[in-house]
Amino acid sequence: MGNNILDRVRLLFYIYIMEYAVKTLQQAIQHFSDRENCRKFMVFMRWPDGTPRCPYCGATKLSWLEKANVYQCYGDHAKKKFSLKVATIFEDSPIGLDKWLLAMWLLTNNKNGISSYELHRALGVTQKTAWFMLHRIRRAMDSQSFLRMGGPEGGPIEIDETFVGGKSKNMHAVRRNALGSGVKTEHKTVVMGMLERNTRQVRAKVIPNVKRETLQKEIISNIERKSSVYTDGHVGYDGLKVRDFVHETVTHTEEYVRGEVHTQGIENFWSLLKRGLNGTYVAVEPYHLDRYVAEQVFRYNNRATKDNPLTDADRFTLAVSQISGKRLTYAELTGKVGETATN
Ligand SMILES: [Zn+2]
């Protein structure tokens with residue numbers, strides 16, 4: 001994760017909280033119940049120079065139409081009015097920013113997440129709306145990096161995979177039918193994870209199977225060659241030395257951990273993930289699992305540590321800084337087409 005981004009966000013938020021003092025859930029509720037505060041905050045997060053731009057032509061000559069809660073552009077194009085939700089995960093949502101921002105505060109800061117039922121009760125929206133909101137927020141929390149982890153001078157990287165259970169009765173009817181009859185209904189989904197020990201950052205995603213080519217393709221695209229990698233003895237990890245990694249394996253049957261060579265960090269992440277999945281999210285379809293994984297990765301990578309004392313407000317702000325240029329429509333979410341980002 002780019003710490004530069006985090007520094008920038010923290011600096012910006014520092015200025016913000018100095019001005020408005022939003023540090024707790026209660027203060028967030030109070031603060032964002034004011035429409036003008038929502039507007040200021042959104043402008044601040046979307047355009048760090050504080051100048052809103054028309055999403056269609058980029059013009060900065062705009063008027064704020066307070067009653068309609070939209071900006072008006074004077075540019076020469078068809079759609080002249082736009083809300084602060086345009087070109088973000090909130091686009092086309094009738095839910096107010098007050099509720100959206102609170103939902104983001106809750107999901108980024110509750111260790112085990114928040115269920116759609118809990119959010120429905122907390123915000124007074126329907127459970128279906130709450131479910132959709134949570135998935136969109138997870139989309140914002142998904143901070144994928146194109147940079148590879150590790151490197152010859154970097155610290156070791158723990159790699160492991162885990163199985164997450166899902167029974168066919170929990171699956172959407174359409175998707176269940178798509179499996180066809182005669183298909184074994186007990187379905188486990190594989191999640192692969194990598195933990196860079198020096199930075200304590202995790203990457204995790206759903207993978208189709210635990211075949212060697214699948215696992216090693218992920219390793220090659222996420223980790224620099226010559227990095228030290230620790231895995232268990234799964235045959236899927238055989239041959240990583242040939243691929244120019246410094247590979248050491250952990251034998252789970254051995255009673256003692258061999259010094260530095262262990263995968264306890266990533267295993268700890270798995271237990272956090274499963275606690276959330278079992279406790280808060282009772283029936284997660286395999287199709288949606290990637291977003292729950294991204295949610296847990298976000299909280300894990302942005303948890304408070306001695307070196308990096310992040311606060312609730314920091315996590316919240318970081319997630320809000322990632323709402324732009326991402327969309328998730330209801331059709332995509334219900335399984336019709338794949339997810340897309342607008343940029
Ligand atoms: Zn314009």
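In which loop is A87 found? A87 lies in the loop between β3 (81–82) and α4, where helices (H or I, at least four residues) and strands (E, at least two) are DSSP runs numbered from the N terminus.

This is a predicted model, in which local features need pLDDT of at least 70, side-chain atom pairs count only at pLDDT 80 or more, and totals for chains, interfaces and linings use all residues. Residues are numbered from 1 along each chain as its sequence is written, and side-chain values use heavy atoms, with hydrogens and water left out.

The protein has twelve helices and eight strands. Of its 343 residues, 46% count as buried, that is, under 20% relative accessible area, with exposed meaning over 50% and partly exposed in between (1.4 Å probe, protein chains only). Contacts are heavy atoms within 4.5 Å. Among the contacts with a separation of 6 or more, 63% come from residues 24 or more positions apart.

A nonpolar core is a set of buried Ala, Val, Leu, Ile, Met, Phe, Trp, Tyr and Cys residues joined through side-chain atoms within 4.5 Å. The largest one has 71 residues, and F41, M104 and L119 have the most contacts inside it. Helix α4 (residues 97–109) gives the most to this core, with nine residues. Leaving aside residues up to four places away in sequence, F41 touches F13, Y16, F32, L101, F316 and V320. A second, separate core of 14 residues includes M149, I157, M194 and Y237.

Helix α2 (residues 25–32) packs with α4: their axes (lines fitted to C-alpha atoms over the stretch in contact, with angles from 0 to 180 degrees between N-to-C directions) come within 9 Å and cross at roughly 165°. That makes α2 roughly antiparallel to α4, a label for angles over 145 degrees. On the α2 side the contact is made by L25, A28, I29 and F32, and on the α4 side by D98, L101, L102, W105 and L106. These residues divide into eight nonpolar, no polar and one charged; Ala, Val, Leu, Ile, Met, Phe, Trp, Tyr, Cys and Pro count as nonpolar, Asp, Glu, Lys and Arg as charged, and the others, Gly among them, as polar.

A87 and D244 each have a positive phi without being glycine.

Note on methods. Angles under 35 degrees count as roughly parallel, over 145 as roughly antiparallel, 65 to 115 as roughly perpendicular and the rest as oblique.
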